[in-house]
Amino acid sequence: MPVHRRFREVRKFGPVKVATFYDGHGRDKHSAACTAPRCGFSAEYHDRSAAELAARTHHCAV
């Protein structure tokens, strides 16, 4: 069965978007993903502050 995530509290830091969502167990998780073409950076974090730090310090390798 596919997982459908509803992102909330979406905020953009440069090309990186940070959002909060519930994982499959109902816990809050936080995602950071770069929207720049061909970048491919994305990661999930337990803390919102960690996701925002990753977003602020991310530099595209492309």
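Arginine 48 and glutamate 52 form a salt bridge in this predicted model, with 3.0 Å between their closest N and O atoms; a salt bridge here is a side-chain nitrogen of Lys or Arg within 4 Å of a carboxyl oxygen of Asp or Glu. The two residues are four places apart in helix H1 (residues 48-57), and are therefore separated by about one helical turn. Helices (H or I, at least four residues) and strands (E, at least two) are DSSP runs, numbered from the N terminus. Both arginine 48 and glutamate 52 are buried, where buried means under 20% relative accessible area, exposed over 50%, and partly exposed in between (1.4 Å probe, protein chains only). Glutamate 52 counts as buried because its relative accessibility is 16%.

Glutamate 52 also meets arginine 56 in a salt bridge, at 3.8 Å from N to O. This pair, too, lies in helix H1, four residues apart, or about one turn of the helix.

Because the model is predicted, local features need pLDDT of at least 70 and side-chain atom pairs count only at pLDDT 80 or more, while totals for chains, interfaces and linings use all residues. Residues are numbered from 1 along each chain as its sequence is written, and side-chain values use heavy atoms, with hydrogens and water left out.

Turning to the whole chain, the protein has one helix and four strands, which run β-β-β-β-α from the N terminus on. The radius of gyration is 12 Å, close to the 11 Å that the globule rule gives for 62 residues, so the chain is as compact as a globular protein of that length. This radius is taken over C-alpha atoms, and the globule rule is 2.2 Å times the number of residues to the power 0.38. Along its principal axes, the C-alpha trace spans about 35 × 25 × 15 Å. Of the 62 residues, 31% count as buried.

The count of salt bridges comes to four. One of them joins the side chains of arginine 8 and aspartate 28, at 2.5 Å from N to O. Arginine 8 lies in strand E1 (residues 8-13) and aspartate 28 in strand E3 (residues 28-34), so this pair ties together parts that are 20 residues apart in sequence. Arginine 8 is partly exposed, with a relative accessible area of 25%, and aspartate 28 is also partly exposed, at 38%.

Strand E3 also holds serine 31, which counts as buried at 15% relative accessibility. Leaving aside neighbours within four places in sequence, serine 31 is in contact (heavy atoms within 4.5 Å) with residues including Phe7, Lys17, Phe21, Ala43 and Ala51.

Where does lysine 17 lie? Lysine 17 is found in strand E2 (residues 16-22), and is partly exposed, with a relative accessible area of 40%. Not counting residues up to four places away in sequence, lysine 17 touches Val10, Arg11, Lys12, Ser31, Ala32, Ala33 and Thr35. Lysine 17 and arginine 38 are 21 residues apart in sequence and 15 Å apart in space, C-alpha to C-alpha.
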